[in-house]
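Student: I have a structure open and would like to walk through it. Can we take it piece by piece?

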Amino acid sequence: MTAPLPLVGIRVLDMGQFWAGPNAGRHWADAGADVIKVESCRRPDPLRIQARGIYPDHDPGGPKGDHWNRSGMVNERNRNKRSLAIDLTSPRGREIFLQLVSHADVVSQNYSSRVMPSLGLGYDTLSEVNPRLIMISLMSQGLTGPESDYVSYGQNLEQLSGISYFSGYPDDEESVALALPDPLGGASAALAVAAGLRHRDATGRGLHIDLSQRETASLVVGDALVAHSLGGHPARLGNHEPGANPSDCYPTRGEDRWVAISIRSDDDWARLCEAIDQPELMTDSRYVSIVGRRRHRAELDALIGRWTSQLDHQTAMERLQRLGIAAAAVLNPRELFRDKHLRQRGFWESTTDYSAGEQEYTGRPMRLSQTPYGGRTPTPGLGQHNREILGELLGMEDTELDALEAESVIGTEPILSASGGMAVAR
Amino acid sequence: MSSDILPLSGLRVLDIGRMVAGPFAARLFARLGADVIKIEPPGGGDPVRNRGPEQAGGRRGETGPLHLYLNEGKRGITLDLASVTGRELFLRLVALSDIVIENLEPGELAELDIDYTALERVNSRVVLSSITAFGTGGAYEGFTASELTLFAIGGHMFRSGTLGRPPIRMGGYPAQCNAALLAAYATLVAERARAASGRGQHVEFSIFENQVISHAQAMVEVSYYGEETGAHSPRGSQGNRGVVAKDGLAMVSAQEQQMPRLAELLGAPEELGRPDPMDASASKRELDERLRRWASDRSKRDVYEQAQAVNVPASYVAGPADLVDSPQYSNRGFIHQIQHQDAGTFSIPGLPFRWEGAEAPIAPPPRVGQHNAEVLGDLLGIERRQLPALAAAGVI
């Protein structure tokens, strides 16, 4: 027996574009909210029209010629949503949007800070229309403060948050760049709105959530800020984990294949000695304590590496895990896609998209025992639900909808200026 | 309407987590106004307390930065969940609570006989939130994990670092922080579902799967094409070096439309910002060279601010000193100060989002068992004089 999905009855106008914004919308839509992806034909989600996007068969055109509906990155993070393409720069489009706001619980946007006010759609205006509205602005650096107008990409936020400072080889200034601030921002926004809904229901008042992606990313290294303020000198550790020794990536059979191993206790060490068939090391006084293992780290790394080099990374992981040791193969994307654990758990979800055909996408990392939410509808085409949404929520008749289409207030095809296809910083 | 209602006012959360992921999610709830009770084993408490470096001369187990960071704003009690009495007291607390958060080792909850079936029996409205490495079922069920191994298996480490050297993890706790944020969301969603169903449920979260959904495009490429293509796969191609300023690294990430403004900022000839498409790479090299020279006699913050002043995306590698003293963070009140009886005064990041009345006042993390008398007394009616016997029996 299953109950209705947890967010049924919550309507979100999701103006998110690129990654963090649509990702937050994906989390709400997965949980059952009616998430309407709001775009404009003049300014669709830029990922729809990327020059170097990902398209089925490498073919942006496809049978219907609508490349903007075939972008893999859009299709991955906009499932379970409906699509409305409306020109917010036209007075009529703006008026219709405000009418929709009165039927919405949440407006989510990650434009740069100037966009919504310049459209006449700042929080004050929206909240006048709907005092119970929750607006969330996912900003690079938040809505306030001296740097709030600054623009950035994920790699900039990694630097500004402190992540880069602590990420990389200790002997090299270069840092890893993985654009994690975007998924972190999406998760942070999902949480903020869930908390905001509870707050609104308790107080009866709407609210404007001011979210900083830079601050969210700083949570990753929050303990280092505490340590610094106590007079410590937190530094880059490479693959070393505090409290574990040894901990690193070790080479395995094959080219550029590795297994990560973390020895977190003396018991772990004893089991590792057994695993690598060197039981005599167990009683070797140089290695019995974590302090000793730190001092002799180079020798240990060589010993462990000799053992791992004979195995493939998956086998090394499984042998060590059978003994209770934290070990993991460094999997590449192709291996993840075939990974037996994810397949056995039914993680991947297959949908037949509007214009991209049948494809598999990542599923969701949470399982709810009573309200097991899952895939319902594929990512919609641009403007696919224009008529459905405006008819259902605003009671518009066909003649009115025809007129809006004729005036290009709503539509299903991008109208692009010369610069329309380029990436825009948030 | 009273202004002292916080978003999670009225929710009681039991945090039986250890180390990072579970306590991290519980701390987010504390920031948002829930009454979070951290339950630790008697004796040393959560092993996170021994994750150094502790303050010299400080009380043992009370001054480690990771503990101070993750357990702020909670009340703390000790309970031996493996003892009959400890388990019974825990279940009595569950009966009075809304949410239980755990990230224990696989199978540990069942061993203690406090899995969801047991909790449901004493409180059908409770939400149990399990933040696991790999979840239930599948080939890796029961596998253990650390931040390093979680980051390794999720596909992010594969592309990071230099070819010929080991792949390298991201610093801090990215996999567990990412998971804590989204698991906290899933938990609140389940809490919300109680209003309709009248029932709690078990939320099981997989950190591994959360890492897999956190790729920009690799998973889409591999699904659409069977392999990764383009510039995003090879290791070593994603370095974040940027430009060298006088006191550290900075980065100027101008895209084509920002090139004219960048050229002007650098005092370069106008045509370098509007390159002839036939000869774009030579212009770009020239502009990059000028950028390097320009940055080399400026501070990293000046590079950042001067580029941003002309609306060109830019950044600098901020270290902990830059962040604790950041004008942006100070202005927004993101960094709070805590006066702590054992550690002294320290700085700590708060919530990364805000609205009026969203955030609970910051409060010091508890000492081991600091609130035993208060929590067991107020909630379970256990009198203070009964506590020594519980302590002697090793229950608290």
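Tutor: We start with a loop residue. His58(A) sits in the loop between strand S2 (34-39) and helix H2 (72-77) of chain A. Helices (H or I, at least four residues) and strands (E, at least two) are DSSP runs, numbered from the N terminus. This is a predicted model: local features need pLDDT of at least 70, side-chain atom pairs count only at pLDDT 80 or more, and totals for chains, interfaces and linings use all residues. Residues are numbered from 1 along each chain as its sequence is written, while chains are lettered from A and ligands numbered from 1 in the order in which they are written.

Student: Is His58(A) buried or exposed?

Tutor: A residue is buried if 20 or more other C-beta atoms lie within 10 Å of its own, exposed if 12 or fewer, and partly exposed in between; C-beta atoms are placed from the backbone. His58(A) has 9 C-beta neighbours inside 10 Å, so His58(A) counts as exposed.

Student: What is the phi of His58(A) near?

Tutor: Most residues other than glycine have a negative phi. His58(A) is not glycine, yet its phi is positive. The value is near 60°.

Student: Phe18(A) also has a positive phi. Is Phe18(A) buried or exposed?

Tutor: Phe18(A) lies in the loop between strand S1 (11-14) and helix H1 (20-30) of chain A. Its phi is near 65°. Because Phe18(A) has 22 C-beta neighbours inside 10 Å, it counts as buried.

Student: Why does Tyr153(A) count as buried?

Tutor: Tyr153(A) is placed in the loop between strand S5 (134-139) and helix H6 (154-161) of chain A. Tyr153(A) counts as buried because its C-beta neighbours inside 10 Å number 21.

Student: How far apart in space are Tyr153(A) and Arg52(A)?

Tutor: In sequence, 101 residues separate Tyr153(A) and Arg52(A). In space, C-alpha to C-alpha, the separation is 17 Å.

Student: Which peptide bond is cis, Asn245(A) to Pro246(A), and what is its omega about?

Tutor: Most peptide bonds are trans. Pro246(A) is in the loop between helix H9 (222-229) and strand S7 (247-251) of chain A. The cis bond joins Asn245(A) and Pro246(A), with omega about -5°.

Student: How many residues link S10(A) to S11(A) in their hairpin?

Tutor: Two strands pair if DSSP finds at least two bridges between them. Strand S10 (residues 349-353) and strand S11 (residues 357-361) of chain A pair antiparallel over five bridges. Thr352(A) stands opposite Glu358(A). The hairpin between S10(A) and S11(A) runs through three residues.

Student: What separates the centres of the domains of chain A?

Tutor: Domain bounds come from an automatic or database domain assignment. For chain A it gives domain 1 (11-220 + 348-406) and domain 2 (247-338). Over C-alpha atoms, their centres are separated by 42 Å.

Student: Which helix gives the largest share of the side of chain A that touches chain B?

Tutor: Two residues are in contact if their C-beta atoms, placed from the backbone, lie within 7 Å. The contact takes 133 residues from chain A and 125 residues from chain B. The largest share on the chain A side, 14 residues, comes from helix H7 (residues 181-203) of chain A.

Student: How many helices and strands does chain B have?

Tutor: Buried residues make up 57% of the 396 residues in chain B. Along its principal axes, the C-alpha trace of chain B spans about 80 × 50 × 50 Å. The count for chain B is 17 helices and 12 strands.
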